[in-house]
Amino acid sequence: MKRDEVGPGGVDALLGARLAELRAERGWSLGELAEHSGISRSTLSRAERAETSPTAALLNRLCAVYGRTMSQLLSEVEAEPAPVVRAADQPVWEDPSSGFVRRSVSPPHTGLRGELVEGRLAPGADIAYDRPPVPGLEQHIWLLEGELEVTAQDIAHALREGDCLRVRVWGPTRFRCPGPTPARYALAVVLP
């Protein structure tokens, strides 16, 4: 079943079910997952039951625990992969608390090492990830519109329209849109 066929809250329900499956595959209790992820048991429980929409930071922590990129995790709640995904069918996920909108541009496939994502941040939006979903992940961030500040390896990079930053992610990262206009960027992600 595709995301647009599951109705309101459907994406969160599919995502919650997949998160519960991943935990069950490892034989972990909510408490054990909380220890591995640093996320409270109650928050994990609410996310698995789709009582709350997980934030980008929460999904990133869970992806790190499960050794997946966010696109891989989100593609696991999608229908069978196709070689072409039309613009109208590209899945969009929003984190309303941070002002982050993520569109999966690449056709999803868990066997591929690379993927392309479009990110949009509202003016003033600031997202901090405490760790990469996969250590050594390679990212190419090409700023299409606006301004974007990316911090990786404790180095801040101020990007302007047309700039492209290539980083290997080993530790915390931060994406911030200083405004006054939204930032829109293409993110190429390559597994190590």
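Trainee: Is C63 buried or exposed?
Mentor: C63 is buried, at a relative accessible area of 1%. Keep in mind that this is a predicted model.

Trainee: What about C164, which cysteine sulfur is closest to its own?
Mentor: The one in C177. The two sulfurs are 18 Å apart, too far for a bond. A disulfide needs them within 2.5 Å.

Trainee: Switching to confidence. What pLDDT does the protein average?
Mentor: The average is 88. Residues scoring at least 70 make up 90% of the protein.

Trainee: Which elements have the lowest and the highest mean pLDDT?
Mentor: Helix 5, residues 70-75, has the lowest, at 81. Strand 7, residues 155-160, has the highest, at 98.

Trainee: And where is the pLDDT below 50?
Mentor: Over residues 1-8. That stretch still has 15 contacts in the model beyond near neighbours in sequence. Where pLDDT is low, the predicted coordinates should not be read in detail.

Trainee: Helix 3 next. Which residues are buried there?
Mentor: L44, S45, A47 and E48 are buried in helix 3, which spans residues 41-48. Those residues cover an arc of only 165 degrees around the axis, so they sit on the same side of helix 3.

Trainee: How accessible is A50, and what does it touch?
Mentor: A50 is partly exposed, with 28% relative accessibility. Leaving out residues up to four places away in sequence, A50 touches D12 and A13.

Trainee: How far apart are A50 and G124 in space?
Mentor: 28 Å, C-alpha to C-alpha. In sequence, 74 residues separate A50 and G124.

Trainee: What does Y185 touch?
Mentor: Its contacts include F100, L121, I141, W142, L148 and F175, with residues up to four places away in sequence not counted. Y185 is buried, at 4% relative accessibility.

Trainee: Rings, then. How many aromatic pairs does the structure hold?
Mentor: Four. One of them joins W93 and F100. That pair is edge-to-face, 6.5 Å centre to centre, with 75 degrees between the planes. W93 is buried at 4% relative accessibility, and F100 is buried at 5%.

Trainee: Why does the pair of F175 and Y185 count as stacked?
Mentor: Because the planes of F175 and Y185 are at 25 degrees, and under 30 counts as stacked. Their ring centres are 5.8 Å apart. F175 lies in strand 9, residues 173-176, and Y185 in strand 10, residues 183-190, so the pair ties together parts that are ten residues apart in sequence. F175 is buried too, at 5% relative accessibility.

Trainee: Which residues do ring pairs link into a cluster?
Mentor: Y129, F175 and Y185.

Trainee: Last one. Where does E138 lie, and is it buried or exposed?
Mentor: E138 lies in strand 5, residues 137-145. E138 is buried, because its relative accessible area is 13% and buried means under 20%. Leaving out residues up to four places away in sequence, E138 touches R166, V167, R168, A188, V189 and V190.

Terms used. Residues numbered from 1 in each chain as written. Predicted model: local features only at pLDDT ≥ 70, side-chain atom pairs only at ≥ 80, totals over all residues. Heavy atoms only, no water. Buried < 20%, exposed > 50% of the residue type's maximum accessible area, 1.4 Å probe, protein only. pLDDT = per-residue confidence, 0-100. Helix = DSSP H or I, 4+ residues; strand = E, 2+ residues; numbered from the N terminus. Contact = heavy atoms within 4.5 Å. Arc of directions from axis to C-beta. Phe/Tyr/Trp six-rings, centres within 6.5 Å; stacked < 30°, edge-to-face > 60°.
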